[in-house]
Structures are given as C-alpha cells and as structure tokens.
Amino acid sequence: MKLLRRKEGPSLDSRLAALLEAASLAEGRLAEEAVSGARAVAERAGARRNLSVDHTVAALAGATGSGKSSLYNALAGEELAAVGVVRPTTSTAQAALWDGEGSGSLLDWLGIPQRHSAAPAPDLSGLILLDLPDHDSIQLSHRLEVDRLVELVDLLVWVVDPQKYADAALHDRYLRPLSAHRDVMLVVLNQADRLPAHAVERCLGDLRRLLDEDGLTGVPALAASARTGAGLAELRSLLGERVAHRRSWSTRLAADVTTAATRLGGPAAEDGTASGVAEGGAGRTAGMDRALTAALCDAAGVPLVVQAVAKGHRHRAVVATGWPVTRWIRKFRPDPLRRLRIGTTAPAGERPSRPPDRRPGEPPGRLRAEVAGKPRGELAGGPRDELPGEPPGGSADRPPGVGIVGRTSVPAASAVQRAKVETAIRDVGEAAAAGLPGPWAAAVRQAARSRSRELADEVDRAVATTSFRATRRPRWWRAVNVLQWLVFAAMLAGALWLGGLFAMDYLRLPQPPLPTVGVVPWPTVLLLGGALAGVLIALLSRLAAWAGGRRRARRTARALRTAIGQVSDELVLAPVRVELDRYARFMAAINRALDGT
Amino acid sequence: MDLLAALEALRRPLDRELFPLAVGEAARDRRAQRELAGQLDDYLLPRLRALDAPLLAVVGGSTGAGKSTLVNSLVGADVTEPGVLRPTTLVPTLVVSPADRAWFMGQNVLPSLSRATGTGPGALRVVTSDALGAGLALLDAPDIDSVVVANRELAAQLLAAADLWLFVTTAARYADEVPWSFLRSARERSTALALVLDRVSPDAVGPVSRDLSRLLAENGLDGTLLFTVPEAVLPAEKARLPAETVRPISSWLTGLAADAAERSRVVRQTLSGALDSLATRVPALAEAVERQQAAFDGLRSIVAGAYAGGLADFDAGMRDGSLLRGEVLARWQDFIGTGDLMRSLESRVGWLRDRIVGFFTGRVPELQLRDALESGVEALIRGAADGAAERALEGWSAAPGGPDLLERLGPMESARLGRASADLGKRSESAVRGWQEYVLDLVREEGAERRTAARVASFGVNGAGLLLMLGAFASTGGLTGIEVGIAGGTSLLSQKLLEAVFGDQAVRTLTVAARADLRDRVRMLLEEESYRFMAQLEAVEPPGGTANALRVAAERIHIHRAELPLTTGESP
C-alpha cells in the first residue's frame, strides 16, 4: 500500500503544486471563478489525500427511477435503501462499507451520516458504496446533494435505464463536463430486463454512441438488472478490480487537476505553442525600444541639452581661456548649460576628474550602484567661482539614499512629445502582446503602461546625471589660462617698462640703456608680442573649444541615448518582460499540471 | 378584427434580435422572445383568424414515455415509429381525419414547418386516419428532455401551438423537473391539458397515481384530467398497446371530436389563457428590452466620454503653447536665423542669398517649419485618438454587456479597436492641410479687406499665414519663467510682427478663428474614430421605441381581449 502511494504520490503532488502555482500566477489576470476553482481543487485534493487512501468511495448516481437504490441493495446483499414506485424515493445519501475500519473521518468529510457495514466480501474489501439521491426530480435539494458529492467521490457509477439514458439532464449537466474523469467512471444500463432481449444490445450500443459523443470513450458501459441479477456479477468484478487497485482516488484527483488546468489555461493549453509565443514576444520588444528611446529622448529635450552642451563648452572655454583683457565681457552673456540647470547640482557618484574615455555608454544606474555604500566625501572645497554647483574633484560620492539629483530646467515635454511617447509605449505593449490570449495580452499592455507616470522624472534624472559629465573642465584650460596670464603679465611688464621710459623721458631724466632684440627694444617686444600672443592663444583655444564642444556634444548625445534607453528599459520593457515571463511560467505550470512532468 | 391587428402589431418588433448584449439574463430573455414570436406565428394568429378550425391536440412528454406507441394505439394504425433507442421521434407526425387534411396541409398552423406525406422529406409528417373524427388532429411531438437540442426546441414550439396538451409521463418520470416546468407553464397560460400516466407497472398504479394527483394539486393543477395506462409487455418493439388500456383516452377524444361546443370551449380556454399570459409576458419582455437599451446607452456614453476626453487632451496640448516647442521651435529658429524673415521683407537682397543657401543646403526653411507644425498636430491627434480608444475599450470591458460584445469581436479585432485606426495619420494630415488652407484664406481675406494688403504682400502671404498658425498655439500664453524666454520669446516676436501687419484686434480675431477651425476639424476626426465603436453598437442595437411598441401592443390586446366571441360562429 505504502509502495503504491509513493509511486502515485510525487506525480500528483507536483501536478497539484503546478496547478496552485498556475492559479497564483493567473491571479488578477484571468476570470476569478477559474482561479478559485483551481484553488478549490487543490484544497480538496489535499483534504482527500490526508484521509484514508485504503478505501475507495464509489457513488451510484443517476436519475430518479433508474434503480440506484435497487442496485445498491443488490450489491450490498441487503435491503438497506428503501425502494419504491413513488418518485423521488431516495432523498439522502447513505453508505455501505466493506471492511470500513478507519474510514470514519473520510465519511465525515463526505458528510454521510448514514453508514452500514455490509457483509464482508473479499472481492470488495475497502469499498465504500454510496447511494445518491436523484439529480433530475423536482426536488432541488437532491440535485444540490448530488452536485456536492459528485465532486468528492473517487469512483462514479452512473446508473441509467432504457427510458432515461438519453436525457439531457444527465449528459449536459454531468457527463460532458466530467469527460476528463473517464478513468473513474462506470455506466450501468439498469432495468435491462424491461427490454426485449435483442433490444438490449442495440440500446447499449446507442448508449455507447452517446458516451462517445460526450468524450467518454473507453468508459465501461454494461447492461444489468437489479431485479433479475443479470450483469451484477460483471459490475461487481469491475468494482472489485478498481477497489483492489486502490488508486481511484488519485486518478480522480488527477482528472480534477486536468479539468481545472484546462479551464485555467484555455484553448492555448491544448496546442502547447504558448511558451513559444511568450518568448517570441520578448524578442519582439527588442526592436521596439529604439522607437521608444527616440521618443523619450525627444520628450526629454535631448537635442536642446546637446546643443547647450556644445554652446556651454564654448562659453566656458572662452571664460577660462579667453584674452584676459576682454574675457570678462563674456561673463555678461548667460551660460547655456546653467540656464538649463545642468551641472549645477552634483548627481550622486559623479566624479568630474574621471578620465573622459570612461564616459560614453555608461548607464547612470550602474554608476549609482557602483558608488553605493561609499562614505561621504568631504565637501570642504565648496562650489567654485565659475561653476558654483560643481563638486570638488575626486570625492563627491554620496551615501546611499541621498542621491538627490536636482530637476533640470529643460522645458517639460510638450503635449506633442508626450503623445509621441505614449504612442511608442502603446506600440511596445501591442507588439509584446501579439499572439497572447486576450486576458494576458491585456495584462501585458497594462504592464507596458504601468510605470509611465515615473518616466518623466526618471528621464530627467538620467539627463541631469548624464549631462553633468559634460560640464567637466578640460585640464588644458588651466594650462592655457596660466599661459594667458603669463603672456598678459609680459604685456603688462612691457607696458609698465615703456610707461617708465616715457615718464623718465618726460621728466628729462637720462635714459637707461635699452636692450633690444635686433632693432626693436624689449619693452615694445613685450607689449606687442604679449598682446599678439594673448589674442592668438585666445583664438586658438576658441578653435579647440569649438572642436571639443562638438565632440563633447556627440558623446553626450550618445550617453544620453544610452541612459534614457536604460530608463525606458527599466520602466517600460522590464514590466513587460516580467509579465511575459509570468505568462511563460503560467503556461509551463499549466503544462506540468496537465501532463504531470 | 382589432384584436388580430393588435397581435400583428405585437409580432412586428419581435422579428429582430432584441437582446444582443449579455446584460442580466439575456439568454432567458432571448428564449422568451423566441417563444412569444413562435406562439404568435404558430398558434395565436392562425387560431384567431379561424376560430372554428379543427382542434390540434399535441401529444408531448419525455423521451421514452411512450408517446408514439400511444398515438399508434389511439389511431389503431402504425402511423409513427416507436423504438427502444432514445430519442425515437425526430420528425413530428400529425394525424388528421381526411376531412381536416386540407386545413392542416395549408400552412395555417405551424407555418414554419414544411409538410410531408408518405415518406417524403419535410419537417412535419401528415398522415390521414379514419379513426379520428373530423375536427380533431393528433400531433406526435418529439421529446422535451433528450440530449438532442433540436428535439427539445421543436417540442416546445409544438406545445406552444397546441389547443390541447395530451401530456404523457411515466411511472419513472412523473417527478422529473423538466416535464414539470412545462406543466407549470401550461398552468400559467391556462392551456387545456390532459395527463397520461403511461408505463405504470400494474401493482404500482394505485400509489403512483395517488402521488401524481398530490403533485398536481401541489402545483395548482388539480382537476386535470388524468388517464393511467399500465405497462404491458409488448410482443414486439412496434406493437401497439391493447385496445382496452387506451379506451378511456380514445373515447374521450372521440367525444371531443363529436361535440363542437366542448371543442370550442377547449379552444377558447387555451386561446384566452394564451392572450392573458401576454399581459405579463410582454411587459416583462419590454422591461428586458429597456435594460438592453440602458446598457446600450451606457456603452455609448462611455465612448462619447472617452472621445470627449480625447478632444480635451488635444485642447490641452494646444492651450499650453507646447506645440511651439521642440521641433517647431527649432525650425522657427531656423526660419529666423537664416534671415528668411528679412528675406521676405527685403526680397531683393534675400532672393540671391536664398538661392545660394538653397543650392548648398538643399532646404527651404519655411517649408520645414510648416512640416514640423503639421507633424506636431498629427502626433497630438494620434495621441488623443489612441488615448480615447484605450479608455473606451477599458470602459467597455468593465461595463455591463461590454465584455461579451468584445469577445464576439475576437481578441485581434478588439485589440485593434483599442488603438487609433490605421488610416488616422492620413486623415489627420489632410485635415491639417485643410486647416492651413483655411488659415491662408483667412489671411488673404483679411489682407484684401484692409489697407494692409500691400504690407501682407511684402511679407509673403505664406509667411504671414505661418506666423498666424504659430500665434494660434501661443496666444493663450500660460508660459512662465524660462519657458517664456525660450518659447514665448519667439511667439511673442511673431505676435508683434503680425500685429504690426494686421493690427492688434485683427490678429486676435484671426487667431481665434484659426484655432476654432482646427478644433472643429479635430473634433470631426475624433468623431469618425469613435464611430468605429458606435458602429459595433448600431450593428446589433434594436430600434429605439421597441419597448414602448411592445407595451402599447400589450395594452391594445388587453383592451380588445373582450372581442373574443364566446361561442364560435357556424360560418366557415
């Protein structure tokens, strides 16, 4: 017995677990009654497994007047149930037990108070035979009792008679919906004695045809007569066989699982192509994110930012490296980057001194993760004159959770841009949902939209973090600046020297000896050469700044696209992938629940 | 006869499917509609047209109750095919006396069933028999409860067409739910009824018939004529019952055929019962139709609301001047930056430079600006239409009757419904072009009327129109801070320029007109979009006023009910 149980156990266990998993994955996606139905099946199965598995509960079910009670009495060998001509006769279920020790709790679970120990018979040992009320009379309570017990018993013996075997009430309400339970079903054509002998075979053949139409191919159907005893031995041996195997209970539960899983999985569960669809959907989104990223870049004002980066670079280069005599004029013009409030607040984890080749293609999310947990660096340096918000080089890391990135002043997305982003999101959802069954497709489309509210803020954060790197000041600016000041100093020295000479000449003081370069005196060389060199350096560095600005704008554009792509992946594609993955897991669970592998 | 006219008026609206939406118990309502229409066609209308036509007794009941055997035994000939395989009777058989044959062969009663004699094909086999007296026909109906759906429906139709039910049940069947639901409806409609308790084993006759009488009394059918036929062991499957067991029934039937007054009493009982039942059935149906109507209104208002929201989205997009930003702004700056404006004003200098710039760059800034404006408006329209479609679809899948409607469309079709239609881009493009034409016309008109025509010409009518379009989006302002600097600045410039050309008030009027025109065009586009939803409703919606028509017809029937003559006339 134990051996059998172990042999049956794991398969049923894993199928039940798979069904429960499928039910919880389908929660909120599929119809509530299918989900709760699957849960109820699992619950029932758990209850049945904990009760006596050495007993097989077989129920005699059928229409009123088909002779269930007569058959029950004939099998029990005693007049246990009242048999009558007045319909309906049996109003409560009762049980006959063959070696019924230990089945008390099982019968309690079934809710059968009326029990009888039948005369011991070795061939039926372990059988609990239930005589059910009818399912088709005007007594509604009978039908409800039948409906309840049909869900619980291990083996169903449908008793029909020549008058009623084709009733819609039987076939439509019970046999067809229970077509998965064909292994735990027997059909008995009772009252065969009321037919002429030659008609019994034809009638049985017709019953067979109806059963096949119900999807119950292979269910044993036999003619019997409780009155004459014909066919009873055959029925008894069929029952005995099932009882001896002691696995009807698990077969029945397995059939329940199949029914529930089929109902949950819908038509897709049968053809088994579903998981392929889910994977294909994930692949399809890969192409869609380009359009989405483009729309998001547009909405985030990336072209504007990129332009500002180029202009800002030139602007700052001029301020840093221009001819000292005129560079202050430049400060009256606004800094394009500062006007967008880019680079005014330090984003978490940004290190302006990082070599530039580390920049492109690096997602902000990764940067943030990289620095998480590092101690807060000292901020003693404070904001510099030129760039008040720029953190001191080297140690601007923040502790985790303090990653406050100021909102940039890039103009908010216009209605047009928002509309384009929404259209792109819908396209992604639609492409990902293609080929999925209705409710799941809706869930996937919903998932694509689920975090679209956060998009604007996250994208702006990405813009602030990424473009902050574009505000880094190249080192050559400082060198050129020093050079500019040196040249300026030389020019100043020349001017002062010439001024001194002029003053002495004016005061008619004797002229000191004047060193010359060739024929040109030194002070003149210093003054003119300094001025010339200053202007030349300013022009050259302006040229360099122009090229640098362009390069920087290109890099920023690339980095921004990557960063925004990351955001769209995180906020749009990731939820879609999660939902598609959920669907794939659901289908896998359904398939496991269906075939037990 | 007014009563007949009233019934015909009641019949007319029933031709259509009145319950297309799954609201409440739509299946039950549909059945009620079908039953009512069937009863009017098959029974009430023909019976009222010929009150003294032969009486039709339908032998109905469960499968295996022995209806066919009973009919054969009553007629004394093998007119129908009994058997052990269920269900036996598939084609109903009508047994008539030769005198009434002509009446029944004409499609008076049960006009929807084709007649067949002999072994010919047809939906209703007609057999003549001398055993039946003139004025009475027996119809062997299929079963009411077998797995064959067609049988059940046909049996219900035949029973609804009967003047008299000869309802057959058996000792094993008499407490079944299905036959009792028929008996209850017979009681509700006061149908003339006789019950045959068939196949009773001789020892059970007493208790079973007592129990059946009890059940009849419990269900308000006491006094029903009850015949008992004991089960006999038949020598063959097609044998008939011994004559003496069916004698009470056959003699009752013979008596009925002979007694014209009794026959007309039976006819009037069933007929007036059926007419009376209309007083409750029709208003119930009308109520159900109103429920459907309410569901339709609900679905329609969801769509209307969703698309009104779409138009509001579009308005919001226009109002905050945001169309100016982004692409439009960039192109506008191109427009200014390349000296296009200057070119327009000083056309002679500009012409040469424009040719040179155009030669090298291959682009014409003014056209670009207009393109940006167009694609912006188009994107806005598309977004609004998409959002509205999405909201409408979501609304439908939560509203009563909606999910079922969408399910019938199929997942592909309903997913398509949830997005803007595919050709929206093309249509919105043409709408925007139309709008531009309108704006240009406006400028031209205004230019012609005023003395500023010359200055408009110097601007180039196109340039002025373009500026006006920009003005349409920015005129409401709402720009603050830097945005004013970036976006407002340019529009402010265009505004000023335009004001210089046309004068302040004229610009304002033009802008309002341009904006209103664009809004109208978009509203029409969205209405076309929403029609995709509305069309789904209109395709299945019953005509308005159906409920009222039904109620009025029921009222008229009630009023003219008294016209029913108490005795049938002797005239043919």
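Is A:Q191 buried or exposed, and how many other C-beta atoms lie within 10 Å? A:Q191 is buried, with 25 other C-beta atoms within 10 Å; a residue is buried if 20 or more other C-beta atoms, placed from the backbone, lie within 10 Å of its own, exposed if 12 or fewer, and partly exposed in between.

1. Basis of the note. This is a predicted model, in which local features need pLDDT of at least 70, side-chain atom pairs count only at pLDDT 80 or more, and totals for chains, interfaces and linings use all residues. Residues are numbered from 1 along each chain as its sequence is written, while chains are lettered from A and ligands numbered from 1 in the order in which they are written.

2. Chain totals. Chain A has 20 helices and nine strands, and chain B has 21 helices and eight strands. Helices (H or I, at least four residues) and strands (E, at least two) are DSSP runs, numbered from the N terminus. Of the 597 residues in chain A, 46% are buried; for the 572 residues in chain B the figure is 46%. Among contacts in chain A with a separation of 6 or more, 80% are between residues 24 or more positions apart, and the corresponding value for chain B is 80%. Two residues are in contact if their C-beta atoms, placed from the backbone, lie within 7 Å.

3. Interface. Contacts between the chains involve 44 residues of chain A and 46 residues of chain B. On the chain A side, the elements giving two or more residues are α6 (168–175), α7 (197–213), α16 (415–433) and α17 (438–449). The largest share, nine residues, comes from α16(A). By class, this side of chain A holds 20 nonpolar, 10 polar and 14 charged residues. Here Ala, Val, Leu, Ile, Met, Phe, Trp, Tyr, Cys and Pro count as nonpolar, Asp, Glu, Lys and Arg as charged, and the others, Gly among them, as polar.

4. Helices α17 and α20 of chain A. α17(A) packs with α20 (residues 522–595) of chain A at an angle of about 160°, and their axes are 7 Å apart. Axes are lines fitted to C-alpha atoms, for helices over the stretch in contact, and angles run from 0 to 180 degrees between N-to-C directions. α17(A) and α20(A) are therefore roughly antiparallel to each other; angles under 35 degrees count as roughly parallel, over 145 as roughly antiparallel, 65 to 115 as roughly perpendicular and the rest as oblique. The crossing of α17(A) and α20(A) is right-handed, a crossing being left-handed if the near helix is turned anticlockwise from the far one by less than a right angle, and right-handed if clockwise. Residues of α17(A) in this contact include A:W440 and A:V444, and those of α20(A) include A:V572, A:L580 and A:Y583. The contact of α17(A) with α20(A) comprises 11 nonpolar residues, no polar and one charged.

5. Helices α12 and α20 of chain A. α12 (residues 302–321) of chain A packs with α20(A) at about 155°, with axes 8 Å apart. α12(A) and α20(A) are therefore roughly antiparallel, and their crossing is right-handed. The residues of this contact divide into 13 nonpolar, six polar and four charged.

6. Sheet of chain A. Seven strands form an open sheet with mixed pairing, in the order β3-β2-β4-β1-β5-β6-β7. Two strands pair if DSSP finds at least two bridges between them. β3 (115–117) and β7 (221–223) of chain A stand at the edges with a single partner strand each, so one side of each has no neighbour in the sheet. The twist averages 20° from one strand to the next. β2 (residues 94–97) of chain A runs parallel to β3(A) and is joined to β3(A) by three bridges; A:A95 stands opposite A:R115 in β3(A). Helix α8 (residues 232–245) of chain A lies across strands including β1 (56–62) and β4 (127–134), running at about 140° to β1(A).

7. A:A26. This residue lies in helix α1 (residues 2–26) of chain A and is buried, with 24 other C-beta atoms within 10 Å. Not counting residues up to four places away in sequence, A:A26 touches A:V35, A:L264 and A:F586. The C-alpha atoms of A:A26 and A:P439 are separated by 9.7 Å, although 413 residues apart along the chain.

8. Positive phi values. A:Q191, in the loop between β6 and α7 of chain A, has a positive phi of about 60° although it is not a glycine. B:L110, in the loop between α4 (101–105) and β3 (115–117) of chain B, has a positive phi near 45° and is likewise a residue other than glycine. B:L110 counts as buried, with 24 C-beta neighbours inside 10 Å.
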